[in-house]
Amino acid sequence: MARSLNKVQLIGNLTRDPELRYTPNGNAVCTFGIATNRTWTTDSGEKREEVDFHRIVAWNKLAELCSQFLVKGRKIYVEGRLSTRNWTGQDGVQKTTTEIVIDDMILLDSKQSGSNQQAAHTETHTEPEPEFTEEPAPKTKKSEKQVQKSKEVEKEEPENNDEEVAPDDIPF
């Protein structure tokens with residue numbers, strides 16, 4: 001059997017703040033946009049720049065981390081795969097979108113919008129494939145009880161041995 005590969009690596013800046021939602025069965029899903037720039041010089045010596053915009057999707061724990069650490073303008077590295085999906089819009093028209101489903105994200109800048117944000121490196125390998133609807137589910141705010149419960153769960157979970165990677169440690 002022939003092998004195949006579907007892998008995407010991007011370094012870019014967030015075009016908007018992440019949107020965190022939950023599927024009906026409780027899986028976290030976070031969507032955001034990244035802009036990547038390409039600059040070149042034409043044969044006549046004129047400098048040109050091209051910008052591409054990418055829709056990024058993260059699931060589960062990675063989705064929650066993206067929602068917590070990312071804000072518009074941050075420079076990040078993401079790694080994942082291309083995914084194309086189709087759906088029927090409210091107007092009855094068939095629609096298609098291509099997005100990058102990520103399983104790795106690294107913060108590349110040192111902007112600190114929170115008091116304890118540091119360069120973060122996350123990696124997950126579990127990606128469900130639930131149904132999507134055209135309209136995103138409304139953002140949900142956790143109640144004080146849910147926040148307290150999640151803090152208790154965090155205390156019970158063993159520490160993750162993933163190393164944090166500082167931007168100065170990245171070789172590019």
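Mentor: We'll take the cysteines, then the strands, then the salt bridges. This is a predicted model, where local features need pLDDT of at least 70, side-chain atom pairs count only at pLDDT 80 or more, and totals for chains, interfaces and linings use all residues. Residues are numbered from 1 along each chain as its sequence is written, and side-chain values use heavy atoms, with hydrogens and water left out.

Trainee: Is C30 buried or exposed?
Mentor: Buried, at a relative accessible area of 0%. C66 is buried too, also with 0%. Buried means under 20% relative accessible area, exposed over 50%, and partly exposed in between, using a 1.4 Å probe and protein chains only.

Trainee: Switching to strands. Which way do β1 and β5 run?
Mentor: Antiparallel, with six bridges joining β1 (residues 8–14) to β5 (residues 75–88). Strands are DSSP runs of E, at least two residues, and helices are runs of H or I, at least four, numbered from the N terminus. Two strands pair if DSSP finds at least two bridges between them.

Trainee: What stands opposite G12 in β5?
Mentor: I76. β1 also pairs with β3 (residues 28–41), antiparallel, over two bridges. There, L14 has I34 as its bridge partner.

Trainee: Now charges. How many salt bridges are there?
Mentor: Seven. The criterion is a side-chain nitrogen of Lys or Arg within 4 Å of a carboxyl oxygen of Asp or Glu. One of them joins E79 and K7, with the closest N and O atoms 3.3 Å apart.

Trainee: What does that pair tie together?
Mentor: E79 is in β5 and K7 is in the segment before β1, so the link joins parts that are 72 residues apart in sequence. E79 counts as buried at 16% relative accessibility. K7 is partly exposed at 48%.

Trainee: And what does D109 meet?
Mentor: The side chain of R74, at 2.7 Å, N to O. Both D109 and R74 are buried.

Trainee: Which residues form a network with R85?
Mentor: R55 and E99 are linked with R85 in a network of salt bridges. R85 and E99 meet at 2.7 Å, N to O. R85 lies in β5 and E99 in β6, so this pair ties together parts 14 residues apart in sequence. Both R85 and E99 are buried.
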